[in-house]
Amino acid sequence: MLMPRDADATRQRLLKAARTEFATHGLAGARVDRIAQNSGSNKAQIYHYFGSKDGLFDAVWGQFVGEVIESAAMEVHDLAGFAAHLTKLYATYPEVARLITWQRLERSAEVPLPISTDSIRRNVDAIAAAQEAGIVTTRFEPGVLYSLVLHVATLWDDMNPDVQSVVGLPDLQTRLTLVEQAMTCLLAPGPSSPSTNIDGAQDLVTRR
């Protein structure tokens, strides 16, 4: 019988091997026997600790989300720097963008993790408060501005390979600089955000 410390070590080895496997192959393409082999464990232990391959993926995802939240705290006074920090995170740990992609493709119908949605709401609320205080531009609604920060940060990680083959992949320092420059432009003072309801969107299209 495994002692608690041994059990935790086994579980962590499984999670580490599974993260690499899922980042490379996704949930459907991942092989339980390969995870077991790469972790120095066996398939029985995977089912013992996680119940199923889906359960293992969810455990990997939960651990991953927690680590990202902890390592990438948002500062409303420096949203451009926050975006650049995320860009560096994605470049340093390629499995980050890959896991996010597989989660979106294969698990988007699942109930979101409270730790994730709570963090997102806190960040959006922080942006809203900063807008109220005149610290952050009101050109975009809080949720839209937060989404723009995230997507500018993942510009090269989400880019179609065909586009990248033409526009190229700058070195990391240049990418960080470009992300900060793009965010500085987006954060520049300007008119308040248009309404995001259907009528408001239609009015915006008509004005264009």
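Author: The lining of the largest pocket divides into 20 nonpolar, nine polar and six charged residues. This is a predicted model, and the space in that pocket comes to about 1100 Å³. Of the 35 residues that line the pocket, those closest to its centre are Trp61, Ile100, Ser116, Ile120 and Leu150. Five helices each supply at least two residues of the lining: H4, H5 (79–92), H6 (95–106), H7 (114–132) and H8 (142–153).

The structure holds three aromatic pairs. In one of them, the ring centres of Phe22 and Phe57 lie 4.9 Å apart with the planes at 75°, so this pair is edge-to-face; the cut-off for that label is over 60 degrees. Phe22 sits in helix H1 (residues 4–29) and Phe57 in helix H4 (residues 53–71), so the pair links distant parts of the chain, 35 residues apart. Phe22 is buried, with a relative accessible area of 0%, and Phe57 is buried as well, at 1%.

Trp61 itself pairs with Phe64: their ring centres are 5.2 Å apart and their planes meet at 40°, so the pair is tilted. Both residues belong to helix H4, three residues apart, which is about one turn of the helix. In an α-helix there are 3.6 residues a turn, so residues three or four places apart point the same way. Trp61 and Phe64 are both buried.

Helix H3 covers residues 43–50, and in it Gln45, Ile46 and Phe50 are buried. These three cover an arc of only 105° around the axis, so they are on the same side of H3. Ala44 and His48, on the other side of H3, are exposed.

At its start, a side-chain oxygen of Asn42 comes to within 3.1 Å of the backbone nitrogen of Ala44. After H3 comes Gly51, with a positive phi near 85°.

To return to where you asked me to look: Trp61, one of the residues closest to the centre of the largest pocket, is also the ring that forms a tilted pair with Phe64.

Conventions: Residues are numbered from 1 along each chain as its sequence is written. This is a predicted model: local features need pLDDT of at least 70, side-chain atom pairs count only at pLDDT 80 or more; totals for chains, interfaces and linings use all residues. Side-chain values use heavy atoms; hydrogens and water are left out. Rings of Phe, Tyr and Trp (its six-membered ring) pair if their centres lie within 6.5 Å; planes under 30 degrees apart count as stacked, over 60 as edge-to-face and the rest as tilted. Helices (H or I, at least four residues) and strands (E, at least two) are DSSP runs, numbered from the N terminus. Buried means under 20% relative accessible area, exposed over 50%, partly exposed in between (1.4 Å probe, protein chains only). The arc is that of the directions from the helix axis to the C-beta atoms. A polar contact is a pair of N or O atoms within 3.5 Å; within protein, one must be able to donate a hydrogen and the other to accept it, and residues adjacent in sequence count only if both atoms are side-chain atoms. On a 1 Å grid over the protein atoms alone, a cavity is a set of points where a 1.4 Å probe fits but cannot get out, and a pocket is an open set with protein on both sides within 12 Å along at least five of seven lines; lining residues have an atom within 4 Å of a point. Grid points are joined across faces, edges and corners, and a volume is the space filled by probe spheres set on the points. Ala, Val, Leu, Ile, Met, Phe, Trp, Tyr, Cys and Pro count as nonpolar, Asp, Glu, Lys and Arg as charged, and the others, Gly among them, as polar.
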